[in-house]
Amino acid sequence: QTFTAWCNSHLRKAGTQIENIDEDFRDGLKLMLLLEVISGERLPKPERGKMRVHKINNVNKALDFIASKGVKLVSIGAEEIVDGNAKMTLGMIWTIILRFAIQDISVEETSAKEGLLLWCQRKTAPYKNVNVQNFHISWKDGLAFNALIHRHRPELIEYDKLRKDDPVTNLNNAFEVAEKYLDIPKMLDAEDIVGTLRPDEKAIMTYVSCFYHAFSGAQKAETAANRICKVLAVNQENEHLMEDYEKLASDLLEWIKRTIPWLEDRSPQKTIQEMQQKLEDFRDYRRVHKPPKVQEKCQLEINFNTLQTKLRLSNRPAFMPSEGKMVSGFWMPVSLGGGGKAVRLGPSFEGMPAGWPPPSRRTRHGASPSAYGGGQSVSPAGEVTALAPLSLGKEAMLKQKDYETATLSDIKALIRKHEAFESDLAAHQDRVEQIAAIAQELPELDYYDSPSVNARCQKICDQWDVLGSLTHSRREALEKTEKQLETIDELHLEYAKRAAPFNNWMESAMEDLQDMFIVHTIEEIEGLIAAHDQFKSTLPDADKEREAILGIQREAQRIADLNSIKLSGNNPYTSVTPQIINSKWERVQQLVPKRDHALLDEQSKQSSSTAPASSRRSPSQANIVGPWIQTKMEEIGRISIEMNGTLEDQLNHLKQYEQSIVDYKPNIDLLEQQHQLIQEALIFDNKHTNYTMEHIRVGWEQLLTTIARTINEVENQILTRDAKGISQEQMQEFRASFNHFDKKRTGSMDTDDFRALLISTGCSL
């Protein structure tokens, strides 16, 4: 059902679908169509015949295409698909799903299945009652499906109203929303999932992969749309600036075209009234008409520089105004033309009354206005002054040494900021040169305030040179600091690479040096001492490695100190500081002699005079007592079977034998004493003998019990004989018969042997 729905979700893009998955793919036509839809590639032309061979050829073309995508088709052949083998068909569809729907899923370089699972876990993490750990039981209650949809489309699902104890409603809600709003067909049945102990993993993975592709595709489209909108917004803003520039430049150019003929008018005036009127008109031009145009010209320059900067930052071509609309090109005639007008009007008033011009029309400098402006606002000096604010505050900024405390990322940001400042500075270079050119022409025009203007212009040029020098110096300082910080960063990285394993080695060494040890033999303690000596032999090399690691840190600090760089914080690549390394190294140095002392004490204890003698005497004694007990046990067994003489003689013999065993008891006691000494010396394993004290004790008890039981049996035989009146000869006959049938010499026999024994003695059964 799931695979059929998945196939139809793609086939409907080609205007078709399947009803029975194991029947509709038999001719290979829809199978090839499915592969073309999901891969976006063209497959070889299918054969349209109805014969079996045509169907097999079509399916083979589809299988060859799947194999060409690096998929191994194990035990899946065209014949099985054509024959309608449901198992093989489903296996083939699952292979296609894995390759084209799941394999490309990758989250943090994980495999396809793990990546899909990790994606689900991250998306559902904020939701209560959802814990996705697999692709079967984690999805049974339906909350995980609803959480995935709500995370990406919260308006589609009211998650807080869902109940964990109503899984069927949860599942149907998610399936219906996905089909209606997300174009994900219903591939699963809610009742089947709830009624199954473990839902089918392949079906769940197939359905969940559809959510992944739906949401990841939407996210990519949204990201692309946002980027396009941002680019369009920037382009629109730049276009508005271009339009504003063109409009403002056109208006200003139109005014200039109207003004220049009037400024260049050289017709003489015949009367003093006409000359006064012409001078009055020129003053109005200076005070009323020209100042706003100067402001428009300055705004035009600002707009032009701003636009060029934005285009450069957007990697767009520079803006080239329409022909004749460059500020530097069309403004110069107005400035120079106004100066000429003032020069021509000046001589016309020679011989005028001494009070001319009236005080109310004089400038603050006491001279006639020039073509560079009127009143106090626009003049050649004002033109120069307009550029002065460019340097205000810039020198202090360029003299800052903020790079001394900056990190490598901060330095890179400062360099980018400085490059932007250099670009802005270069944009004003033409304006400075134009101002300098105007100032040089003022003396030729007999401008009354030319010395003051030239002095201020020279000051501006000097400040400009200082700005250039400071800019160059700051760039060199930033680049030098960047190079030094990169060197320090490389040293920090090298330090981290070597400090981490060395720190782990010291922690392991401290753990080993403090580890408790229990030994049973002198060989074991000698082995530990040898291993410890080998460890101590590595300490000089370890100390050299420590010094090398600390040397890397010192070199980084030396570079920083030499160049007045204030390093911020610790090494960004590791938390292992030189103080930690030195502290742990000192701890290792302290633990080594303590371990030496502990090992030597144990060696002395194992080598003490009491323990070796006891341990050697004890096995020697045990090697005598053990075999003696075994021999006595065997002798008692033979005596009980091969008894000769009268029962009284046998009883006397056994009691004598028992007394000899009891007389051996002092040897057992001696062995116990030696064993006690060995235990007190903490020697628990003795290689000189295979007999333990426990074995000796058990053997001794068995020996005493066996001889006592044998004596008791003989005594019972005497009592039986006396009570029954059996003669000695009969007893011997019974014993001889018993020994004959006791072939294994165990003193007992099975039922059949005992039956034969009774018959041989004449007993009636």
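Colleague: Which helix does Leu116 lie in?

Modeller: Leu116 is part of helix 7, which covers residues 112-124. Keep in mind that this is a predicted model.

Colleague: Is Leu116 buried or exposed?

Modeller: Buried means under 20% relative accessible area. Leu116 has 0%, so it counts as buried. Cys7 is buried too, with a relative accessible area of 0%. Cys120 also comes out at 0% and is buried.

Colleague: How many disulfides does the structure hold?

Modeller: The number of disulfides is 0.

Colleague: Let me step back to the whole chain. How many helices and strands does the chain have?

Modeller: It has 28 helices and 0 strands. The chain runs to 765 residues, and 40% of them count as buried. It exposes about 42900 Å², with carbon and sulfur atoms supplying 52% of that area.

Colleague: How far apart in space are Leu116 and Met205?

Modeller: Their C-alpha atoms are 8.3 Å apart, while 89 residues separate them in sequence. For the chain as a whole, take the contacts with a separation of 6 or more: 72% of them join residues 24 or more positions apart.

Colleague: How do I read a nonpolar core?

Modeller: Start with the general idea. In soluble globular proteins, nonpolar side chains tend to be buried together. Here the largest nonpolar core has 73 residues. Trp6, Ile93, Ile96, Trp139, Phe145 and Phe211 have the most contacts inside it. Helix 11 (residues 201-263) gives this core its largest share, 9 residues. A second, separate core has 32 residues, including Ile415 and Val592.

Colleague: Which residues does Trp6 touch, not counting those up to four places away in sequence?

Modeller: Among them are Leu34, Ile38, Met187 and Cys210.

Colleague: And how do I read aromatic pairs?

Modeller: Two values describe a pair of aromatic rings: the distance of the centres and the angle of the planes. The count here is 17 aromatic pairs. Tyr245 and Phe304 form a tilted one, 5.6 Å centre to centre with 45° between the planes. Tyr245 lies in helix 11 and Phe304 in helix 12, so the pair ties together parts 59 residues apart in sequence. Both residues are buried.

Colleague: What are the distance and angle for Trp628 and Tyr664?

Modeller: That pair is stacked, at 3.6 Å centre to centre and 15° between the planes. Trp628 sits in helix 23, and Tyr664 in the loop between helix 24 and helix 25. Trp628 is buried at 18% relative accessible area. Tyr664 is buried at 14%.

Colleague: Which residues do ring pairs link into a cluster?

Modeller: The cluster holds Phe135, Trp139, Phe145, Phe175, Tyr207, Phe211 and Phe215.

Conventions: Residues numbered from 1 in each chain as written. Predicted model: local features only at pLDDT ≥ 70, side-chain atom pairs only at ≥ 80, totals over all residues. Heavy atoms only, no water. Disulfide = S-S within 2.5 Å. Buried < 20%, exposed > 50% of the residue type's maximum accessible area, 1.4 Å probe, protein only. Helix = DSSP H or I, 4+ residues; strand = E, 2+ residues; numbered from the N terminus. Contact = heavy atoms within 4.5 Å. Areas by Shrake-Rupley, 256 points an atom, 1.4 Å probe, with all protein chains shown as cover. Core = buried A, V, L, I, M, F, W, Y, C linked by side-chain atoms within 4.5 Å. Phe/Tyr/Trp six-rings, centres within 6.5 Å; stacked < 30°, edge-to-face > 60°.
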